[in-house]
Each structure stands twice: as C-alpha cells, then as structure tokens.
Amino acid sequence: MKLFLKIIAVLLALFILLLVGLNIYFTDDRLKNTILPQVQSAVGSEVEVDRMSITFFRTFPRFGLDIDGLRIPDPQGEPVASLDELLVSIELFPLFRDEISVSRLSITRPVINYTVFADSTTNIDFLLEDEGVQDEEGGYSISIPGFTLRDASVFYTDETSNSAISLEQLDADISLFFGDILESRVDAQLGSLNVIMDGTSYITNLSMAINQTSTLDLENEIATFTEGTVSIRGLALNLTGTVSDWGSEELALDLQFASSSENFGELLRLAPPAFDEYITGLQTRGSLVLEGSVEGIFSEETLPNFDVTIEVADGFLQNPDLPEAIEDINFQILFNNDLATISNFRARAGVNSITASGMVERPLEDDATFSLDLDGDINLETISSFYPIEDLGVEQLAGLLKTTARATGRIDAPEDAVFSGVFNLTNGLLKYADVPRPIEQINARIDANQDRIRIEESGFTAANNRLRLSGSVLRPLDEDNRTVDVTADINFDLATIKDFYPIDEDTLSMRGQLIANVVLRGRPDPDQIETLLQQSTFELTNGYLAHSIVTNPLEDVTFRAEASGRRLSISEARFKTGENALSMRGSVVNYLSDNPEVDLTFDGNAALSSVSSYYSLEPWIQELAGDAVMNLRTRGPVNDVTAIALDGSLEVSNVSAAGDSLFLPVTELNGRMSITPQTMNLERFTMMYGSTDISLQGALRNYLGFLDDHTSTETMPAISGTYRSRFLNMDEMIDWDDETDDPIPIELPNLTANVNANIDRLVIFGIPITEISGTSRITPTLIRVDEAEAKLFEGTATGRMDWNVPAPLQTNLLFNGKLEGVRAEAFFRDTGFLGPQSTIHNYITGEFNTEIRYFTELTPEIDPDITTTDASGTFGMSRAQMRGHPIQKRVAEFLNASELETLTLDAWNADFSIKDTVMTIQNFSITSGNLGMQLDGTLHMMNDRINYRATLLLPERFKRGIASVISSRAADALQLEDGRMAVPIRITGTTANPQVRPDTETIERIVRDYIQDGARDLLRRLF
C-alpha cells in the first residue's frame, strides 16, 4: 500500500512539474510569437491579443488555450471583429484517425461588424482575397461537441440601400460535426433584433429563440431542418424543411412551420415591448392554429409560394381588475400569394359586438386591391366593464354607438378608395374624473363616403352650455382638393367649464359668457388653418382670465370680433389688469401664426412694469417701470419691434428702464409726446441717464432705431431741439476700469443730435467744466461743441471742441479756442499739456492764458498720445509764482543766488508749437521785478530732454559772481548802460535734472563786439 501511495505521489509530482514547466515554457510572449503570425497571415490583418495562456483546470481533463482581448481590424484600423475571451481545448487521440475533435470552444462577448460601402466593397474583402492555397487530398473530420457563445453581437450595415440589421444579446449552445456533411444542434436565444430597410424601421427589439437540429451538405448545397422550434417573443413554431442552391441566384425553399395552442393569447407575445404594460396579466383562452409553408424559388425576380393560416376560435380576453371579458373572439386569416382574407371576425363584450371581414387581392404586389366590411354595436356605458377608461382620465361613459363601414380600393392609392359608412351616437355622456358634472346629450350622426362626409344633428350640452355642429367635407381622401363647409354654434358660461372638464384653477381660471358662431369653409391649408374661418363671430362679456404665467388676471373683459380668413377684426375689446385699464379696436392678421401682424388702436392707462407679464421685451429691456396714458395706434408684426409703427399721443411719468440696449439705466423719465411712425415730438421730456439729468424739447426721429444696428446715420434716432442739463457725466458713459490697464472702448450711442445746449456742469476725463453753452452735435463717431463758452480750471474757455470716435479704441480730440485765467497748476496737471513727464504743476501757481489749436490722438486707455499731438499758439501767465523748479535751482546755483529759487512773476508770454513729440518755444519772456529772462528752444515731451538758449537779465550786484565764472572782461562786456547784467546761458539735460552753463559761443561774440565798441549797441538790441 505504501508503495502504491509513493507511486501516486511521484506521478502527481511529475504532473505538477509538467504543468509548471508548460506554463514556464509557454509564456504569453512565446505563445503570441508562435500563434499570431499564422493567424495574421491567414486573415491578412494585424490581429491584436491582450493575453494568451495554457490552461488545464478550466478544460479538465484536457489542456486548452485561453485567449483574452482579441481584435481583428481592417487594413484601415477600423474594428471588424473582437471578443473578450476565447477558450478552446482539443482531444489528442482522434488526431490519429484524421479527426479533429474540439472538446470545448467557448467565446465570450464577440462583436462582428460587417459593412457594405457605397461603392459595393466591404470591410471584410481583405479576408476573402485568394491566397493561392492549394486543396490537399484527404483531410480531417472536425467535431465540436461543446461550442458556446455568450452575449454576442452582429452589426450589418449596407450603405448602398440605406439598410441596417443588428443582432444583440445572442447566447447559444451549439454542437457541430464537420465531415462530408455538417451536422449541428443549436439552442440559441436572441435578445434584440432590429431591421431597417431603405431608411424605414421594420423590426425593433424583437426577441427570438431557436432549438434546432439540422444537416448541411456543402457540396450539394442542401440544408435540412429535421426537427426543432423557432420562438418569436415566446410564440413557438415547429420548423422543418430544406434550403438549397444558395450558391446560385435562385435560392430554393421548402419549409413548413406550425404552431397550435389551447390559448390564443400566445398571439399577444408578438406585440412590441411598448405594449407590455397593457397586456401583462391579461387572462386569455381559446384555440389557436398557426401553420403554413414557404415553397419555391426566391430571387430578385421571383418570390416563393406562401401559404399561411391563422385561426382563433372561442377566444377569451379579460383584465383581471375588471368585471367583464371580451369573449367569443373568432377569426380566420388565410394568406397566400394571390389572396389574403380575414373572415368571420367577431367579438362580444357584454351587449356589445363587432363583426368584420375583408380581403386583399395580390397582397405582395404594389397595386394590390382591398375590401373591408365592419359593423359595430356598442353601449358606451359598459366600456368600463372590460376596458380601464380611468387610464384616460374618464370616470363615466354612456350612449349607444352604432357604426357600419364598407371600403374598397387599391393599397397604393388610398385617395381613390370607395367607401361608405354611418356613425351614429345617441344620448352620449362623458364625465371626466375629478369634476362634479358630466357632459350630456352628446349626439352625432355622420354619413360618409368617398365623395362627402355629412355631419348632422351633432353636439352636446353641459348644464347651460351648448355646442351644435353641422356641415360637410367634400372629397375627404383627396388632400389637394378636399373642402370643408361646417358651422358650429357655441354658447358657454366659462365659469362652469371647470365643472365638466378638468382644469387646474391654480394654473388657469376663467369666467364670462362666450357666444360664437364659427363657419369653417374652404380648402384646408395645414400651415394656415385659420383661412377656413369665414364670417365667424365671437362675443365674450363679463370675462375674467387668470393664468399662472402672468402676474395679474384680465378682468372686466369684453371682446367682440369677427374672423374671416387670416384676419381677425376686433370691434370692441377692453379689460383691466392690475393697474392697467385698456381698450382696443382694430385687426390682427395671421392671428394663429407665430408672427401675427396687428393694426390696433389702444386707449387707456398702463403700468409699464406689467408689460413683461404679457409680452417679452428681452433681450433689449430687462426692467421697465412707470406709468403711461395713451391714445396709440400700433401697426406691424408683433415679433419684430423694430418694424412696429406707432401713431397717437403718449404721456409717461416716473419711468425707469434697464437692459442690454441701454448702457446706463434710465430713471425719472417724464414726458408728453405725440408720436408718428417716424418721429416723437417732445412737448416736454426729462429723464436721468445714470447720474446725468436730461431735459429736452424738440423732436426724436427714427426712435425705434435704438433697437437696430445701423450702417448710416440716416436711419439712426435723431434728436433736434434744445438740451438742458444740470450735470452731464460723460465719464459715466465710458466703460472705465481704474484697476487695470486694459483698453477702454469708447462707444457713443447710436443716435444723432443737433441741439442748443446749456449745461451747468460737465465731467469728461475727470475734468469738471461748468457754465457751458453752445451748439452741440452728436453722432456715433463725433461729439462737437461749437460756439461754446465754459468755465474750467477757474478760468474761461471759448471756442470749438471735437471728440472724434472713428473706432472704439481709436479716438482723438481737436480744440480750437482760448483759455483765459485758468489755474495753471490744475491745467498742467490734468491735461498733460507738456507731456507725460512734465511736473511743472508741482512748482508753479497763477493764472494761465492761451490761444491754441490743439489736436491729439488718444490711446486705448484714454490718455493723450503725445506722438500724435499737433498744436500751436501762444501762452502766458499773470500773477504767477514759481518755486523750487529744478531749472530755477540750477540757475540759482549757477549765479550763487538762492533768492532765484522763489520768483513772483510779473509777466510770462511765449509762442509755441508741438510736433513729433517736440515742443518748440519762441519769444519766451519772463520778468520778475528787476529780473528777466528771454528763452528759445525745444522740449522733447516723451523723454523730457530740453535744449534752451536763454539770456538772463540780472541786477548789477550779480556782476562780481558772474565775473568769477566768465572773466571780468566778459562781465564788463555783458553789462548794460543801466548797470544790469545780460548773461547768455545754455540749459540742457531734462527738466528734472537740468544742466546750466554759460553760453560761451554767444559770450565770445559779445566780447569781440565789446572790444570793437559795439557791445553796448548789441545789448540794446537785445533789450
């Protein structure tokens, strides 16, 4: 015994070593390198595999191959086939008998994509290329007793016919033996079949199953189905027969199928899944016979012979929640290539019965003809016994319904069908759930044929409400020539509608007496159905309408109108809503369309805050408030505010508005105006635009242009008249951002204006200007003030100013005029007149005067662009004081005279010009008591470089100090007859760091002239 155990242990150890050795040798890389080249050569594509391994335990007692993540792409890299896992094991000994026995083949989640492209090529053509493989004599027989598919999917797309077929959730257990004849046993379930042919969906989410034994003779092209069943949504059909000659263009079919059951409810299994909630749980019984055959040739030109029979006898169908059933269901359907008939169809539900019969000749042909007979006799009161009417929101039905119909014609030309029928409903009653009262006395008698539908004695009553309907429809099947002639009389108390029809009064509440006579006459146009209305009248009195989408209800509504075609003529309409009381009259064209056109006259008062409750002003205006009294005629399309024409008068008070079309909010708007389609004549008009107050008298033309884009000033809003403002804040109308250096786009409003203006205070670029008067002109690219006078910097300005705005980031200023008595330090600080480096405002005080023509471009940050400044004129100062300027200090150091660091100036006059960032100063003369200076030269306004030639006029006490610098002889030569010294100097460097030195060139010339006794004459010419 011990010896036996030792032998077993040794064999087990050897087997374990063998397994370990195989797994060590047959690594993932070695298996891929061994197998994949052969597979890729066979399929002609770069097959991809995630992992390969040898297995024993999963295929016990045989070895197997496990492949994970296999993908086969086409030459373009698009997926053709893939699978999550393939597991295969092969028996060894049958190989010695020329047999291949695959003991197990398992494939998990395979996906196959087959596409026929528009040029008739396919995505698998590369698999079908002839590789020149020669047939070998003899061969192997192959058997696969265990072949399983799990969750397989196949997708077929044919771009040549706009068709697609998909099979999903396919599970199958298959046994195959490949020899001279292929034998198979298949047990498969398909979760979803979808078929689209020529763009039309024919089958959606169809589930199927098959359990079939068959043989396949490939050499003779015969497939034989010996036994088995095919199930379609659970309806099982026995299927036998043969399919042959599939290699030719004429496929031969000889198939028989049959099914029988003692429960005809099996047919309900064929209903699409969307009906599952309605048929689940239904109780059914009754015999079912379904059998048929398909025999003959199937080709492009020929169809096989079909012969199908469906018979149901003594059918029974009941909802278990309802007391009565539909029973005595009997019918027979016979279908073949020549004739399809439904005969002896009848069903009974209590006292109700329906019978029908019909046939279709040549049902497979396009010109098939049909005939149908239908008779019904139904007591509506009993419907709830066998059908759940509460699912339709109906609590009670009553009435006797009788119908008889006959029809014949061609399936491909239903408009030419011949039919006749009678629909007769008497003593009808309909009560909806959750309402207290029914609609009663519902009666309808309709006689119909292919030439005319005649409506007689039709209508209903609901308490004191009534509807009567009569008329006819000619040629009802001919869409192009169908005509309607129907009259309806309506008399409704709207307050009682909620008693008969479920209306949620939290959403809609209404009352009033509605009387209408509606005449529908003419040819229906689906796009303009209102054209059927002819001379129809509507009258609503004491009306009330409240809806959840509006804030205030419409009260005291009176409405009298006539509709004819596309026009609704309103003779009287008035209502109150909130604080509004309006009346109107006129007409509305295309009143049922998305864009009606109105010609209405309104009288009354309106609270503008309620406008948005009835009509959206967005995106132009988001907030609107105020009051209006109007007598206004409105004409135009309601969906295009810019095309609305207004006539009449309008008085508004306390109006405020804000929105995307307004840069700043409008408040305190009051005014009275007369309005035409083009002009608002302002008798008085005041408003606040931001912090700016505006008072206008005059005319505003093209006022609706505020809502449009414009390419010409001719179409823009235009203001003319007089303008008055206590405060005009231009800076507020600019999108300033003090915290960044981002560009500031200047966008003037899209309007033009020519007004005489008086402005108490204006702020622009942070500069306050007061007491402004003049003539103003405004366009979207220009603000011009002409013949203007104003106070600024405590002085007076006169002249003309243009602010040009050719583009939001490209603006310029032009000023031509005078400044008198302005405060010098503020002027130089706030205007940047001497350039961005200038600091003169820190050292000088006094009154500045100038006569100037000044032009400059402005940077995107709204600073003067000195490189573009072009200016000329004169300037001067009076009652001025200069203290501590760097040039002063250097001159004082040069002369060793500290008293020069503070000067009270008697006068200061100069000519100047600015060009290419350089200011040129000429005839600059300054006097301060017995001191003086004459200066000429240039100032670079960007880098602050200066180059001045100056002559200082100094008292005699400076002679000794000057002599120590330039020599006694030179000092004698520079002394005037009155004893004062005239000293030429050069001033260079920058205004912040100047260098002062003697003008040696001029001094040497003066000394030479002095030596020649001409120096004094020269000095007299200088002063």
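Is Ser472 buried or exposed at 12% relative accessibility? Ser472 counts as buried, because its relative accessibility is 12% and buried means under 20% relative accessible area, exposed over 50%, partly exposed in between (1.4 Å probe, protein chains only). The model is predicted: local features need pLDDT of at least 70, side-chain atom pairs count only at pLDDT 80 or more, and totals for chains, interfaces and linings use all residues. Numbering runs from 1 along each chain as its sequence is written, and side-chain values use heavy atoms, with hydrogens and water left out.

- Ser472 sits in strand S23, residues 465-474. Helices (H or I, at least four residues) and strands (E, at least two) are DSSP runs, numbered from the N terminus.
- Residues up to four places away in sequence aside, Ser472 touches Arg452, Ile453, Arg454, Thr483, Val484, Asp485 and Val486. Contact means heavy atoms within 4.5 Å.
- Leu477 is in the loop between S23 and strand S24 (483-493). Leu477 is partly exposed, at 31% relative accessible area.
- Leu477 touches Pro414, Glu415, Ala417, Phe419 and Arg482, not counting residues up to four places away in sequence.
- From Leu477 to Ala413 the C-alpha distance is 10.0 Å, with 64 residues of sequence separation.

**Nonpolar cores and a surface patch**

- The largest nonpolar core has 137 residues. Such a core is a set of buried Ala, Val, Leu, Ile, Met, Phe, Trp, Tyr and Cys residues joined through side-chain atoms within 4.5 Å.
- Trp803, Leu895, Trp908, Leu954 and Ile985 have the most contacts inside that core.
- Another core lies apart from it, with 24 residues, among them Val47, Leu83, Val88 and Ala152.
- Beyond its neighbours within four places in sequence, Trp908 contacts Ile840, Ile844, Phe875, Gly876, Met877, Phe924, Ser925 and Ile926.
- Phe298, Leu303 and Leu364 make a nonpolar surface patch of about 260 Å². Patches are made of residues with over 30% relative accessible area and no salt bridge; like charges are joined within 9 Å, nonpolar side chains (Val, Leu, Ile, Met, Phe, Trp, Tyr) within 5 Å. Accessible areas come from the Shrake-Rupley method with a 1.4 Å probe; for residues, only the protein chains shown count as cover.
- Leu364 is in the loop between strand S17 (352-361) and strand S18 (369-379). Its relative accessible area is 34%, partly exposed.

**Helix H7**

- H7 spans residues 886-895 and is mostly covered, with 7 of its 10 residues buried.
- The buried residues in H7 are Pro886, Ile887, Gln888, Val891, Ala892, Phe894 and Leu895.
- They pack against strands S44 (864-883), S45 (902-905), S49 (945-954), S50 (981-990) and S51 (994-998), and against helix H8 (959-966).
- Asn896 follows H7 and has a positive phi, near 55°.

**Strand S44 and its partners**

- S43 (residues 844-858) and S44 run antiparallel, joined by 13 bridges. Two strands pair if DSSP finds at least two bridges between them.
- Glu857 stands opposite Asp865 in S44.
- The hairpin of S43 and S44 has 5 residues between the strands, and Ile862 there takes a positive phi near 65°.
- S44 and S46 (residues 907-915) are antiparallel, with 7 bridges. Phe875 has Ala910 in S46 as its bridge partner.
- S44 and S45 are antiparallel, with 4 bridges. Gln881 has Thr904 in S45 as its bridge partner.

**Salt bridges**

- The count comes to 33 salt bridges. Each is a side-chain nitrogen of Lys or Arg within 4 Å of a carboxyl oxygen of Asp or Glu.
- Asp50 and Arg71 form one at 3.0 Å, N to O. Asp50 lies in strand S1 (residues 48-55) and Arg71 in strand S2 (residues 64-73), so the pair ties together parts 21 residues apart in sequence.
- Asp599 and Arg633 form another, with the closest N and O atoms 2.8 Å apart. Asp599 is in strand S30 and Arg633 in strand S31, so this pair links parts 34 residues apart in sequence.
- Asp599 is partly exposed at 24% relative accessible area, and Arg633 is partly exposed at 34%.
- Asp978 pairs with Arg980, the closest N and O atoms being 2.8 Å apart.
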